Amino acid sequence: MLLGRATACRTLDRLLCETRSGHSGTLVLRGDPGIGKSALLDYLAERASGCRVVRARGVESEMELAFSGLHQLCAPMLHQLERLPAPQRDALGIAFGLRAANSPDRFLVGLAVLSLLSEVAEEQPLVCLIDDMQWLDHASVQALAFAGRRLLAEPVLLVFAVREIRQQELLGLPDLVVDGIGDRDARQLLTSAIRGRLDAQVLDRIIAETHGNPLALLELPRGLTSAQLAGGFGLPTRPLASRIEQSFRSRLEVLPPETQLLLLTASAEPIGDASLLWRAAGILGIDPRAAAPAQDAGLLELGSRVQFRHPLVRSAAYKAATLSDRRKVHRALAEATDQHADPDRRAWHRARAAPGPDETVAAELEHSAGRAQGRGGIAAAAAFLERAAELTPEPARLGTRALAAAQAKFDAGSPDRATELLATAEMSPLDDLKRARAERLRAQITFARNRGSGAPALLLGAARRLSQLDAGLARETYLEMLGAVMFAGRLGGSRGLREAAEAARAAPPGPRPPRAIDLLLDGLATRFIEGYTAGVPPLKNALRALNRDDGHSEDDARWLWLACRVATDVWDDESWHELASLQVRLVRSAGALNVLPIALTYRAGVCVHAGEFAAASALIDEAETITQATGNAPLRYSSLVLAAWRGQQPEVLKLTQASLDDATRRGEGRAITLAEYATAVLYNGFGQYQTAFEAAQKACEHDDLGLCGWALIELIEAAARSGRPQAAAAAFERLEERTRASGTDWALGIEARSRALLSDADAADALYREAIERLTRSRIVVHLFRARLLYGEWLRRENHRSASREHLRAAHEVFSHIGADGFAERARRELLATGETARKRTVDTFGELTAQEGQIARLACDGYTNPEIGGQLFISSRTVEWHLRKVYTKLGIGSRRELRNMLASNGNAALPT
């Protein structure tokens, strides 16, 4: 084992053993530079006898080239590409530049990687080692983390090494912190690296200052003379990474100049292509024998690929060079790169080589931006556009490119850099249309950062300016303005929703036939000017247009959050589900971090209402991580609602206070309404109807799109149960207008349930049955079982104890299963009142399947094959098979036919929702 690494080595040995036994493993090694992460990966590679080992390493200068790291890893396995399903094969081919097409779907790329690893592992266990993950491009990190989370029943081991877990994709993966080795091991390692005696005090000082960092212990003494070591003079005091890099730099400085130039060329060429390095070296006139001193010094390995001893050697070689030498090697690398096979990398090297503004290179970068976006998303395009703007000599063209770069940076989740580029654009000569676009972008940045009352006026001003210049773009900006007004809500000042809708209705005519967003704009204007009933038909028409297969693109993702809110307002649960899922797919594919948190939040809302609380929680965590990284305003909507349905009173109170303080400061009134609604849900769950009534009553005072209808549900139940029949009846009248106009099963099921609360015995029974029947046909699981809870409570009060137990038992089981603790406890108390004791849920309970097992079981019953199920759930077919075996064991059956028979006789109640 490695010195001082017994525990880490045992962990890796265990994972390797499990992989050989047919199980998957994923591990993130994290620690400081030089701490030994690479050594642990080497240890694992050496121990992996009988396994196939593939490796990749992140390179800092290649971070903006999408999928470059993934290509490093997968290149040796691409002979298996043809065995993948066609959509996955095409997505990976597009990502690697093997096929020409639009931007690949990021989910399909991730699934393709998962399938590729699974296919290769069929031949022999597979070990994938990825070093310097912090320098891997974002698209590769996303795909590899996607695969890592879904590996389960394949003999595949994924091990990542990273300095700090800053990429939100890695959060939640199993990790192992690699710390410095102990003093005793450090002393042994240090003395092995030093010839001759060393003063004990000097030795202690080195050990203390290196904090047990193995690379520092080995490298630092090499940069010091024997006199310095003996007397303790000259010991570095810089931060550790800087010290190690300086040690390498000292060793570089004594090499021949030609060798230093070769090392600089290798450091500027990140893909490790030895043939490309030698072509560039030939252009620079470097003799091949110049490599020998670097190899003899142990700094560089040259074979079929170029590999530095440590990433800090590469960093030291590049930073130690003069600017003119860097430009010289980039120019040579550009000349050595095939402009047809890899035009983007050639353009990037030419840009690094440019001594000043250069229109030819800037134009080349601008063309590369489009290709980069097709392969790697918005962030890659933004990098090319930003450099293109920097190299543009002509002021007007500079303004145009800076504006395009600012928009791309904003869409990629870098609002600060977008603001800087926007300022550059605004100082340049822009025509009226571009100046209006710049005004719109500034308003968009304002909205993203605070989502408060300041953004609507800015967006309205931009929309009016655009009305005379670009009707289509003006209508899009009016739609953004309406969305901003909805966020501002009750804190929007004098300009309310009706005034905003009237301004939007005055927008110039849109194209013919109208786009889906034009229908959405017109529908919202009708909704807020003419009333709810008048607005439902045009809004449903807009939702249908957005749902069409040919009616969306990556650009449409910017509007789908608003469409999701419209879907909840008209009680269209199918559109809500479809559009929220579509938005997440589109935004992930485009890499639009600015919109992704909103998309994740709306998808989490769908999961909450479907009773998928764990999935909702994961989406919320991801959204919060991204908003913190981008500096945009927090989104607490779904986290508040989830905590309320879970019955987490302290969490709801904490989130409510934080939300109210933050929303009031920023002017985001919708957050206040949502906090009141969540409070009503929480206390209705506990049966504390007085408190629920007060919160729901406040939430219903404002016509927030979607939220008002939900709050009316809570107000009716709380009023009916707290002895306020008149308040309940008034609220029901408002609710009925909405549910009748909508006409969906969700709406009419809620209406029947709410009417039953206000009805006498003769009518209530039929109404509760209608509510349950209609809600069963919807995706809204939480309200379906609230209807069963209410029906069970009513039946008990009517002395139908036997019948009441059936519904109360079902409500208790489902609420317990999904984690709705408040409603589960309410159902348990009611069951106790009937004379039955509710069993606590245990892992041995019949039908106790996980949510994913339930999904797989349903799909298997529907006739889908294992590969088809894997394609739908983004897991491998082998993992599907593994889950099905667990399903069979838990249910005491042995085949799909038995599973179908069981469900036919017991209904879907045998499976979790």
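**A helix, charged pairs and a sheet**

Helix α21 covers residues 415-426, and at 1.5 Å a residue its 12 residues should span 16 Å; the end C-alpha atoms are 16 Å apart, which agrees. The model is a predicted one. In α21 the buried residues are P415, A418, L421, L422 and A425. Around the axis they take up an arc of only 120°, which puts them on the same side of α21.

Next come the salt bridges. The whole structure contains 57 of them. One joins the side chains of R387 and E390, with an N to O distance of 3.0 Å. Both R387 and E390 belong to helix α19 (residues 378-390), where they are 3 residues apart, about one turn of the helix. E390 has a relative accessibility of 42% and therefore counts as partly exposed.

A salt bridge also connects the side chains of R515 and D518, at 2.9 Å from N to O. With a relative accessible area of 26%, R515 is partly exposed, whereas D518, at 2%, counts as buried; the cut-off for buried is under 20%.

The side chains of R755 and E736 form a salt bridge as well, at 2.7 Å from N to O. This pair links distant parts of the chain, since R755 sits in helix α38 (residues 745-757) and E736 in helix α37 (residues 725-742), 19 residues apart. R755 is partly exposed at a relative accessible area of 27%, and E736 counts as partly exposed at 24%.

Five strands make up an open sheet in the order β2-β3-β4-β1-β5, with parallel pairing. The edges are β2 (52-57) and β5 (175-177); each has a single partner strand, so one side of each is left without a neighbour in the sheet. From one strand to the next the twist averages 15°.

Within this sheet, β1 (residues 25-30) and β4 (residues 156-162) pair in the parallel sense over 6 bridges. L29 stands opposite A161 in β4. Helix α2 (residues 37-47) packs on the sheet and touches β1, β2, β3 (126-131) and β4, its direction making about 165° with that of β3. Helix α5 (residues 106-123) lies across β2, β3 and β4, and runs at about 130° to β3.

Notes: Residues are numbered from 1 along each chain as its sequence is written. This is a predicted model: local features need pLDDT of at least 70, side-chain atom pairs count only at pLDDT 80 or more; totals for chains, interfaces and linings use all residues. Side-chain values use heavy atoms; hydrogens and water are left out. Helices (H or I, at least four residues) and strands (E, at least two) are DSSP runs, numbered from the N terminus. The expected span of a helix is 1.5 Å times one less than its number of residues. Buried means under 20% relative accessible area, exposed over 50%, partly exposed in between (1.4 Å probe, protein chains only). The arc is that of the directions from the helix axis to the C-beta atoms. A salt bridge is a side-chain nitrogen of Lys or Arg within 4 Å of a carboxyl oxygen of Asp or Glu. Two strands pair if DSSP finds at least two bridges between them. Axes are lines fitted to C-alpha atoms, for helices over the stretch in contact, and angles run from 0 to 180 degrees between N-to-C directions. Contact means heavy atoms within 4.5 Å.
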